[in-house]
Amino acid sequence: MRVLKVVASGLLWSAGTLASVCKPSPQSSPSSSSVISTSSSIASSSHSLVSPASSSSSISSSSSLFSVPSVSSTPSSFSSASSSSSIFVSSSPSISSSSSISSSSSSAIPACSVNVVTNGDFSTGDLTGWTYSTTGYGQGVVDYDASSTYPYYLHFSTTTSGSSSITITQVMDTVSGETYAFSLDYLLYVRGALPTISCHVNNVYTTTWTMLLTSTPLNSWKSWSQSYLASSSSTTLTCTFSTSTTTVLYIADIASHQECSD
């Protein structure tokens, strides 16, 4: 019996020892707590990833990559726009040149007081700008005399009796509907029979003026003037100097211009 007690006691001791060996040590609990703490830490870390402040900071940092230029960069943009505008403005003057061409073509229209007769003073020394014809014994040449009132003049003459004439013609630029003054100066050097000056313009009225020089003083420059209404953009002026006997007549300073209004 005693033996059995001893054996039973030994078995109980052995079981206790085994139970003691198999029982988790107190340190395993902190390990579990550490796991929980780690999980919490992970959760906390997770929480920090989605926390508003952190998220906002990330968005802010991210948006800086696509941020609108700062205020200091804005003037630079304006400066570029201004520079671009300058380039555009600098190209403006070429468009003005076109305006210059238009202005140039409009200047072809005769203005008030501008003589529309070409070479009316015969200063070229010849009949440039005029067409010229004669009949009978008439002769015409441009003479030069530095001491004369008019250094250049058309010298018309006949040295033989008989009907003779010289005619000069020119097409002038005019403005339809405008009134023009016409004038020429003349000097009768030798009077023949019935020396005559006759001029006309081919407007719708076929205006003609005739002046008989039978009583004109000799060797003295005189002026003769008329006016006409232009009916076209071009007007033909024709002047004929005629006589039936020996005559010498000088013609100078033929002019026609728009009459100036007050």
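Residues are numbered from 1 along each chain as its sequence is written. In this predicted model local features need pLDDT of at least 70, side-chain atom pairs count only at pLDDT 80 or more, totals for chains, interfaces and linings use all residues, and side-chain values use heavy atoms, with hydrogens and water left out.

User: How many aromatic pairs does the structure hold?

Analyst: The structure holds 10 aromatic pairs. Rings of Phe, Tyr and Trp (its six-membered ring) pair if their centres lie within 6.5 Å; planes under 30 degrees apart count as stacked, over 60 as edge-to-face and the rest as tilted.

User: Why is the pair of Tyr-144 and Tyr-152 called tilted?

Analyst: The centres of Tyr-144 and Tyr-152 are 4.7 Å apart, with 50 degrees between the planes; the pair is therefore tilted.

User: What makes Tyr-144 count as exposed?

Analyst: Tyr-144 has 53% relative accessibility. Buried means under 20% relative accessible area, exposed over 50%, partly exposed in between (1.4 Å probe, protein chains only), so Tyr-144 is exposed. Tyr-152, at 29%, is partly exposed.

User: Why is the pair of Trp-209 and Tyr-228 called tilted?

Analyst: Here the centres lie 6.3 Å apart and the planes 50 degrees apart, so the pair is tilted.

User: How do you know that Trp-209 and Tyr-228 are buried?

Analyst: Trp-209 has 8% relative accessibility and therefore counts as buried. Tyr-228 has a relative accessible area of 3%, so Tyr-228 is buried too.

User: Why is Ser-164 called buried?

Analyst: The relative accessible area of Ser-164 is 0%, so Ser-164 is buried.
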